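This briefing is meant for someone meeting the structure for the first time. Please look over the sequence and the model before reading the points that follow.

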Amino acid sequence: MKLQDRVALVTGASKGIGRAIALAFADEGAHVGITGRALDELESLRDEIVARGVRCALLPADLAEPGAVDRVHGHVVQELGPVEILVNNAGMGSSANPRPVVEYDDDFWEKLLYVNLTVPYLFCKRVLPDMLQRRHGRIINIASINGKIGSLHGAAYAASKHGLLGLTRTLAMEVVKDGITVNAICPGPVHTLVNDLRIAYDARRLGKTVEELEATLTPMGRRLEPEEVAPLAVYLASDDARAMTGQAINIDGGVLMTG
Ligand code: NAP
């Protein structure tokens with residue numbers, strides 16, 4: 001058990017990568033706070049977590065709403081104790097409103113930047129006082145390869161993920177002597193709802209079928225599964241990774257290997 005009795009908080013846990021991480025943490029003995037908007041999916045996840053013999057705190061929330069971060073953080077601390085592992089995973093994709101910058105929707109830009117970048121910043125701020133006092137903590141930000149390269153018609157998404165890497169590296173510098181590590185995971189295309197929508201948009205744009213496009217998305221010839229990302233989060237959350245901080249680790253089926 002790599003995370004025995006640690007308290008973790010995973011945002012965007014209802015589905016996809018966040019759900020896989022929450023379950024992998026529970027498998028390693030962590031008590032897990034979960035949040036998202038889809039209550040039925042969160043409740044089924046809670047059942048799966050407690051079946052593993054650990055505790056779970058659930059609070060549904062739309063993180064775009066003011067005060068949601070405080071409510072979620074407060075609930076998890078009350079139910080499980082101070083957060084020792086924070087996974088900022090909740091995120092909006094670009095496919096809800098893809099456009100070139102010249103036609104970009106300003107309201108969509110504001111909302112996406114808030115959910116993908118401001119919310120992680122606020123969660124970091126909330127968990128840090130306890131982590132600093134205990135001289136132990138793990139912060140894992142789920143960024144993207146689009147934190148390192150552009151995303152056609154997805155300027156807000158790419159800007160938010162580039163920004164998340166800036167937050168990761170700066171915070172890592174600030175707490176490097178305090179027993180707290182701050183790292184980012186940069187997935188390539190992962191088989192989840194948000195990526196399904198993006199692929200459907202790109203397939204239409206390029207005049208290809210979804211299957212044709214999917215086969216070209218990574219050198220591996222397929223997308224990753226959420227369960228292939230979760231072990232990296234377990235490693236970063238564990239004591240084994242105590243000397244790794246400020247990193248932005250690609251897990252992308254080789255997309256960025258040619259630079
Ligand atoms: P997903 O399956 O669609 O899950 C997204 C999660 O974020 C859901 O739990 C969703 O909650 C939550 N979320 C979104 N907006 C929210 C809001 N306003 N308030 C509360 N929760 C909200 O997508 P995913 O691929 O696992 O995405 C997880 C993270 O990985 C995101 O940060 C994404 O940018 C990143 N990522 C994904 C890929 C990929 O190819 N899939 C690649 C690189 C990075 P509800 O569904 O309950 O509303």
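How far does a polar side-chain atom of N195 lie from an oxygen atom of the ligand? In this predicted model, the distance from that polar side-chain atom of N195 to the ligand oxygen is 3.1 Å. Taken as a whole, the protein covers 94% of the 880 Å² of accessible area that the ligand has on its own.

- On the side-chain side, D62 places a polar atom 2.9 Å from a nitrogen atom of the ligand, while N195 has a polar side-chain atom 3.1 Å from a ligand oxygen.
- From the backbone, an N or O atom of G12 lies 3.1 Å from an oxygen atom of the ligand.

**The shell around the ligand**

- There are 30 residues around the ligand, and of these S14, K15, R37, V190 and T192 come nearest.
- By residue class, the shell divides into 16 nonpolar, ten polar and four charged residues.
- At least two shell residues are supplied by each of the helices α1 (16–27), α5 (155–174) and α6 (193–206), and α6 gives the most, with three residues.
- Both domain 1 and domain 2 take part in the shell, each of them contributing at least three residues.

**The two domains**

- The chain is divided into domain 1, which covers 7–188 together with 226–249, and domain 2, which covers 189–223.
- The C-alpha centres of domain 1 and domain 2 lie 24 Å apart, and the contact takes 18 residues from domain 1 and eleven residues from domain 2.

- E84 has its place in the loop that runs between α3 (68–80) and β4 (85–88).
- Is E84 buried or exposed? E84 counts as buried because its relative accessible area is 8%, and the cut-off for buried is under 20%.
- The side chain of E84 makes a polar contact of 3.0 Å with the side chain of R6, and a polar atom of the E84 side chain also lies 2.7 Å from the backbone nitrogen of V7.

Conventions:
Residues numbered from 1 in each chain as written. Predicted model: local features only at pLDDT ≥ 70, side-chain atom pairs only at ≥ 80, totals over all residues. Heavy atoms only, no water. Near = heavy atom within 4 Å. Polar contact = N/O pair within 3.5 Å; in protein donor to acceptor, adjacent residues only side chain to side chain. Areas by Shrake-Rupley, 256 points an atom, 1.4 Å probe, with all protein chains shown as cover. Helix = DSSP H or I, 4+ residues; strand = E, 2+ residues; numbered from the N terminus. Nonpolar A, V, L, I, M, F, W, Y, C, P; charged D, E, K, R; others polar. Domains from an automatic or database assignment. Buried < 20%, exposed > 50% of the residue type's maximum accessible area, 1.4 Å probe, protein only. Contact = heavy atoms within 4.5 Å.
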